[in-house]
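Colleague: I have a complex open on my screen and would like to talk it through with you. Could you take a look with me?

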Amino acid sequence: MGNTLFGKIWDKHVVKQIQDGPSVLYIDKHFIHEVTSPQAFTGIEKRGASIFRPAQIVATADHNVPTMDQHLPIADQLSRFQVDTLIDNCAKHGVTLYGLGHPNQGIVHVIGPELGITQPGMTIVCGDSHTSTHGAFGSVAFGIGTSEVEMVFASQCIMQTKPKSMRINIEGVLNPGVVSKDIILYIIAKISASGATGYFVEYAGSAIRALSMEARMTICNMSIEMGARGGLIAPDQTTFDYIQGRMFAPKGADWDRQLAEWKTLYSDADAHFDMEINIDAADIEPMITYGTNPGMGLSVTGSLPTMESFTDATEKQNYEKALKYMGLTAGQSLLGMTVQNVFIGSCTNSRIEDFRLVASIIKGKQKDPAVKTLIVPGSQEVAKQIKQEGLDKIFEAAGIEIRQAGCSACLGMNEDKIPAGEYCVSTSNRNFEGRQGAGARTMLVSPLTAAAALLTGKITDIRTLLN
Amino acid sequence: MQSLQTITSKFIPLRIENVDTDQIIPARFLKATTKEGFGKNLFRDWRYENDDETQPKADFVLNQPQYSGAILVAAKNFGCGSSREHAAWSILDYGFKVVVSSFFADIFKNNALNNGVLPVTVSDVFLQQIFAQGPNDILSVDLAAQTITIDATGAFETFEINSYKKTCLLNGYDDIDYLLSMREEIAAFEATK
Ligand code: SF4
């Protein structure tokens, strides 16, 4: 019987299979950032061990960094200390760091692909759950905890139990106004925030094949929001074209050799999946979340579930809790609701294509004056490209300031927070209570739907703004 | 890592589904560079009205003095969200040794095991039976036998744990020492790639 794409990559990286236990899995690339690495550095030092393969680690500072005046010292003392600790640790252990001020700096899941470090067939880990983003290139990429970061420091391996396999097929053509973020929000709403726990997901089908690399990354990025260990997409010409010529992409004869190998990375026709889900692209509409986990989503024109639709007492209680936090009522529609904030950024939607999409909607128009904005590119490179393409002029003319690269209001570890009780239409990936600041009310959307909210100050069906 | 064998204790019932890691330990407390002291910020925003700790929320279970113990019992999909191991550290630092739920998020489960906190997955029915017990009732978790028992009723369930992880926990061993001992084998593997 054939093997799945995931299975092919996994099997090739098993150094040893422990009986009745996990596999010792070899890791090709290890990304680290300031928040989840310090205790791992301390741990390895306490053991008196060195880092086994420092050349396979790339570090950046992203979670804590300010998005204004990055040339100045970080004002928040704890944040500065954490970023400084990363600088010290990287220097001490010979790890490449793209820190603040470096042209390669940015959100870890934006810079990896952008620099051509992320490549098909690799195993990639990072102490960050959205590492699944890199799966868009046909790699096995997933988030790990700090103990596991220390494992990779110690041995370039981690102990992992092989997850089950799932394939989600999305066939057909997307409707106007519908983009990849809507696909993944639709899937999560359908299978719930825990629907893929224990699985590694492959996204397949004609609707996926038609997507750009940026759009594929948005989908793989949110795999974790349905509980999946990771998500991946078989590499194809779109993937190869994206990688070729990037800073760390293979060159010359090396490229030819790699390419030949990458072309073998697909699920065999007779591969077995533990679960398969089929989705018709035409069923997907622009999506928005209304609750406090990414599974609580609906079409932007839809109505919230009624109380009566819940039969399970705990579920009902949880729904009530979410409604209370969000200040919403069962059965209501969201269309036309006033929003105070719009955040465009995060490793889900802060790539150049996302800014092009937003610019295409706001071009020649003014933002609603009441809306506060946080528009944050994913990396220095994206920021540079925004300028090169003149998109910054479009944003400026619309009355919108573009910030400097970082995680920003995605998790509010820096000063970019949403005030308590206010709504934020956000292109990020998590609408958990307090995620964007204590009491903040997050509604996850695509960059297009965020652009519509920028212009109208309300939750708006983007399709009404398209001609 | 401390070894863990049997835990007999009262428990704290957290009747909330999809408890995500941002609730377990909000992001603003992730700025530390050590593993200690996270317990005081466990479920911070559910415990206090403000950041100054002067106004505990009376309706939150950790603030109700009748509840105590080394076992946390939560509704399904506990620990979803981010990979922050700070969530496991805060649970351990608060004093929990076992977390019981009918469903755990993957990364949290690994992180807990790597820190000597035992995640025990029970059926929905058994979870409801636990929730039906009072604040003075006792749960017994026996790792070697892989059982969890409600002492008052004698009702019990067996739970799954892979035998490698079980041995690690029982003995307080840690994966990192094991992997360090494998460096030569790993170098040989690299040479074949
Ligand atoms: S942008 Fe948000 S989700 Fe992505 S790495 Fe940063 S904090 Fe995590």
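Colleague: Which residue of chain A does the side chain of Asp177(B) meet in a salt bridge?

Modeller: Keeping in mind that this is a predicted model, the side chain of Asp177(B) meets that of Arg47(A), with a distance of 3.0 Å from N to O.

Colleague: And how many salt bridges are there between chain B and chain A?

Modeller: The count between chain B and chain A is seven, while the structure holds 31 salt bridges over all chains. Another salt bridge joins the side chains of Lys193(B) and Asp28(A), at 2.5 Å from N to O. That pair crosses between the chains, with Lys193(B) in the segment after α8 of chain B and Asp28(A) in the loop between β2 (23-26) and β3 (29-32) of chain A.

Colleague: What about polar contacts across the interface, how many residue pairs are found?

Modeller: There are 29 residue pairs in polar contact across the interface of chain B and chain A, counting pairs in which both residues have a pLDDT of 80 or more. On the side of chain B that touches chain A, the elements giving two or more residues are α1 (21-24), α3 (86-94), α4 (106-114), α6 (163-171), α7 (175-180) and α8 (183-192). The residues on that side divide into 20 nonpolar, 16 polar and 17 charged.

Colleague: How many residues does each chain bring to the contact, and what is the area buried?

Modeller: Chain B gives 53 residues and chain A gives 72, and the area buried between them is about 4,900 Å², with carbon and sulfur atoms giving 55% of it.

Colleague: What ipTM does the predictor give the complex?

Modeller: The predictor gives an ipTM of 0.91 and a pTM of 0.95 for the complex; as for chain B, its pLDDT averages 94, and 100% of its residues score at least 70.

Colleague: Changing topic, where in chain B is Gln146(B), and what does its side chain reach?

Modeller: Gln146(B) is in the loop between β5 (138-142) and β6 (147-150) of chain B, and its side chain reaches the backbone oxygen of Phe159(B) at 2.8 Å. The side chains of Gln146(B) and Lys166(B) are also joined by a polar contact of 2.9 Å. Leaving aside neighbours within four places in sequence, the residues in contact with Gln146(B) include Glu157(B), Thr158(B) and Ile161(B).

Colleague: Last one: how many helices and strands are in chain A?

Modeller: Chain A has 15 helices and 18 strands, and its C-alpha atoms fill a box of roughly 55 × 55 × 45 Å along the principal axes. With 467 residues, a compact globule would have a radius of gyration near 23 Å, and the 21 Å of chain A agrees with that.

Methods
Residues numbered from 1 in each chain as written. Chains lettered and ligands numbered in written order. Heavy atoms only, no water. Contact = heavy atoms within 4.5 Å. Buried area = accessible area lost by both parts, 1.4 Å probe. Salt bridge = Lys/Arg side-chain N within 4 Å of Asp/Glu carboxyl O. Polar contact = N/O pair within 3.5 Å; in protein donor to acceptor, adjacent residues only side chain to side chain. Helix = DSSP H or I, 4+ residues; strand = E, 2+ residues; numbered from the N terminus. Nonpolar A, V, L, I, M, F, W, Y, C, P; charged D, E, K, R; others polar. pLDDT = per-residue confidence, 0-100. Rg over C-alpha atoms; globule rule 2.2 N^0.38 Å.
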